[in-house]
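User: Here is the model I want to go through. Please set each value against its definition and then conclude.

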Amino acid sequence: LENNSMTQPPKTEAQIQAMREGGKILATVFDGLKKQLSVGMTGLEADAWVDAEIRRHGAQATYKTSEVNFPNAICISVNDALVHGVPTNIPFDKGDVVGFDLVITFKGMKTDAAFTTVIGEEPTGAVRHLLKNTERSLYAGIDAVKGNGTRIGDISAAVEGVLTAAKLGVIRNLVGHGVGNEMHMAPEVPNYGKAGTGLVLSPGETIAIEPMATLGGERIITDTDDGWTISTADGSLAAQFEHTILVTETGAEILTIL
């Protein structure tokens with residue numbers, strides 16, 4: 001998505017409603033997944049559970065469609081893996097920092113969300129700092145959406161402000177994005193920027209805001225073996241949180257929440 005001056009095609013009320021319903025399904029799947037996670041579970045087991053749940057709700061795993069051709073239903077990124085992690089048969093260890101990123105299609109419309117958690121224990125110390133502030137930056141970005149007239153830079157600056165104050169590495173090479181008719185649409189939504197700049201958002205637009213941060217540097221590398229998994233270049237722990245939101249006349253409606 002090179003062109004940040006494009007806006008999305010207007011959505012019908014039926015399309016917006018489909019995204020509301022799809023977002024609830026995605027949130028329900030995530031809620032159930034959090035209860036399933038345990039030490040010794042493998043990424044492939046988590047993936048199989050998610051895949052079955054998506055189908056049970058009458059939705060489709062977007063990653064497995066021809067639009068994406070990812071090998072699995074969900075991205076599972078462990079420790080220094082940041083995003084796009086391919087699920088494996090390696091069991092989760094106690095204390096692993098694991099990110100889950102999911103896109104589903106329901107009634108032809110896509111919703112996208114992600115969360116990061118610690119397996120088998122409550123996060124403490126630097127890991128808690130990483131997760132808490134990355135999630136805080138997501139909600140700061142959502143709160144920056146004031147409705148008609150909000151600019152992309154308002155969201156980006158709010159996200160960056162939280163991450164920078166927390167002294168976390170801000171990922172700049174990967175961005176949030178428009179979502180709905182397709183998984184990745186205009187506009188791009190970077191996790192850094194200047195308030196009052198960038199494209200003006202209109203009511204009815206749907207975007208995925210997805211802060212990504214590290215306990216170290218900002219450089220990232222892609223796994224040459226699987227061709228998907230993106231990790232921190234310095235091996236530092238990473239986190240991602242994401243929601244799909246609808247821009248309304250007065251603010252933001254979070255679609256991927258129960």
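User: What makes strand S9 and strand S14 a pair?

Analyst: 4 bridges join S9 to S14 (residues 243–247), and two strands pair if DSSP finds at least two bridges between them, so the pair qualifies. The two strands run antiparallel, with Ala208 opposite Thr244. Strands here are DSSP runs of E with at least two residues, helices are runs of H or I with at least four, and both are numbered from the N terminus. This is a predicted model, in which local features need pLDDT of at least 70 and side-chain atom pairs count only at pLDDT 80 or more, while totals for chains, interfaces and linings use all residues. Residues are numbered from 1 along each chain as its sequence is written, and side-chain values use heavy atoms, with hydrogens and water left out.

User: Which residue of S9 stands opposite His177?

Analyst: Ala208 stands opposite His177. S9 and strand S7 (residues 176–178) are joined by 2 bridges and run antiparallel.

User: How do you know that both faces of S9 are covered?

Analyst: Thr206 and Ala208 on one side, and Ile207 and Ile209 on the other, are all buried (under 20% relative accessible area; exposed is over 50%, partly exposed in between, with a 1.4 Å probe and protein chains only). In a regular strand, side chains alternate between the two faces of the sheet.

User: Why are S3 and S11 called edge strands?

Analyst: The open sheet has 3 strands in the order S3-S12-S11, with antiparallel pairing. Strand S3 (81–83) and strand S11 (220–222) each have a single partner strand, so one side of each has no neighbour in the sheet. S3 is joined to S12 (residues 230–232) by 2 bridges, and Ala81 has Ser231 as its bridge partner.

User: What makes Arg20 and Glu253 a salt bridge?

Analyst: Their closest N and O atoms are 2.7 Å apart. The rule asks for a side-chain nitrogen of Lys or Arg within 4 Å of a carboxyl oxygen of Asp or Glu, so the pair counts. Arg20 lies in helix H1 and Glu253 in strand S15 (residues 252–254), so parts 233 residues apart in sequence are tied together. Glu13, Arg20 and Glu253 are linked in a network of salt bridges. The count by this rule is 10 salt bridges.

User: What is the class of each partner in the Lys64 and Asp51 salt bridge?

Analyst: Lys64 and Asp51 meet at 2.7 Å, N to O. Asp51 lies in helix H2 (residues 43–56), and Lys64 in the loop between strand S1 (60–61) and strand S2 (75–78). At 41%, Lys64 is partly exposed, whereas Asp51, at 12%, is buried.
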